[in-house]
Amino acid sequence: SGVGKTHLENAIGTEMINTSGGAPVVACVSAQAFMDELIAALQDGGVDRWRTRYRGADVLVIDDVQFVAGKERTQEELFHVFNALHSEGKQLVFVSDRPPRQLDGLEDRLRSRFEGGLVVEMQAPDRALRERLYPHCLNDAETPDREALIALLADRAASSVREVIGVVNRIV
């Protein structure tokens, strides 16, 4: 939590649009919204419309995909959406707080598909990143960034970007 996964996924979606001149359809959605839309579609008989929407995307980005674990019907539909997009060479990005192998309640067929792509574990900010984050956060807080202060803060480990922001808030 707080290492920038959601920011990275949004940047990926934005870059996909920018590099293509705005042509692709990018569906960037939280797993919760994906599930809520599916439930609504099941209740109002609009599942075909829901499927068409997601299968028509050129890029599918789902945040917090760990929340589909244990949700049988959602996993079934996600499996078919995944296969349809993958077979057409479309881009799929799934963001989770854990690697696929650690997602309890995730069907093996989805887990294997998730593991078949690039899996990247995001780490806590290192010293070099903290050196860049602190001046930015201090500027956002309209507080002058002093080199000695930045050096002192950057030397202290932080488990997340949110922790860096919290330190700046306490200083201000």
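Predicted model: local features only at pLDDT ≥ 70, side-chain atom pairs only at ≥ 80, totals over all residues.
- Lys5 belongs to helix H1 (residues 5-19); helices (H or I, at least four residues) and strands (E, at least two) are DSSP runs, numbered from the N terminus.
- Apart from neighbours within four places in sequence, Lys5 is in contact with Val95, Ser96, Asp97 and Met122, where contact means heavy atoms within 4.5 Å.

**The sheet and its helices**

- An open sheet is formed by three strands in the order S1-S2-S3, with parallel pairing; two strands pair if DSSP finds at least two bridges between them.
- Strands S1 (26-30) and S3 (91-94) stand at the edges with a single partner strand each, so one side of each has no neighbour in the sheet.
- From one strand to the next, the twist averages 10°; axes are lines fitted to C-alpha atoms, for helices over the stretch in contact, and angles run from 0 to 180 degrees between N-to-C directions.
- S1 is joined to the parallel strand S2 (residues 59-63) by five bridges, and Val26 has Val59 as its bridge partner in S2.
- Helix H2 (residues 31-44) packs on the sheet, where it touches S1 and S2, and its direction makes about 95° with that of S1.
- Helix H4 (residues 72-87) lies across S2 and S3 and runs at about 140° to S3.

**Aromatic pairs**

- The structure holds six aromatic pairs; rings of Phe, Tyr and Trp (its six-membered ring) pair if their centres lie within 6.5 Å, and planes under 30 degrees apart count as stacked, over 60 as edge-to-face and the rest as tilted.
- Phe82 and Phe94 form a stacked pair, with 5.9 Å centre to centre and 15° between the planes.
- This pair links Phe82 in helix H4 to Phe94 in strand S3, twelve residues apart.
- Phe82 counts as buried because its relative accessibility is 7%.
- Phe34, Trp50 and Tyr54 form one aromatic cluster.

**Salt bridges**

- The count is twelve salt bridges, each being a side-chain nitrogen of Lys or Arg within 4 Å of a carboxyl oxygen of Asp or Glu.
- In the salt bridge of Glu76 with Arg109, the closest N and O atoms are 2.5 Å apart.
- Glu76 lies in helix H4 and Arg109 in helix H5 (residues 108-115), so this pair ties together parts that are 33 residues apart in sequence.
- Glu76 is partly exposed at 30% relative accessible area, and Arg109 is partly exposed at 28%.
- Arg109 also meets Glu107 in a salt bridge (2.9 Å, N to O).
- Asp97, a contact of Lys5, forms a salt bridge with Arg98 (3.2 Å, N to O).
- A network of salt bridges links Asp48, Arg51, Arg73 and Glu77.

Key
Residues numbered from 1 in each chain as written. Heavy atoms only, no water. Buried < 20%, exposed > 50% of the residue type's maximum accessible area, 1.4 Å probe, protein only.
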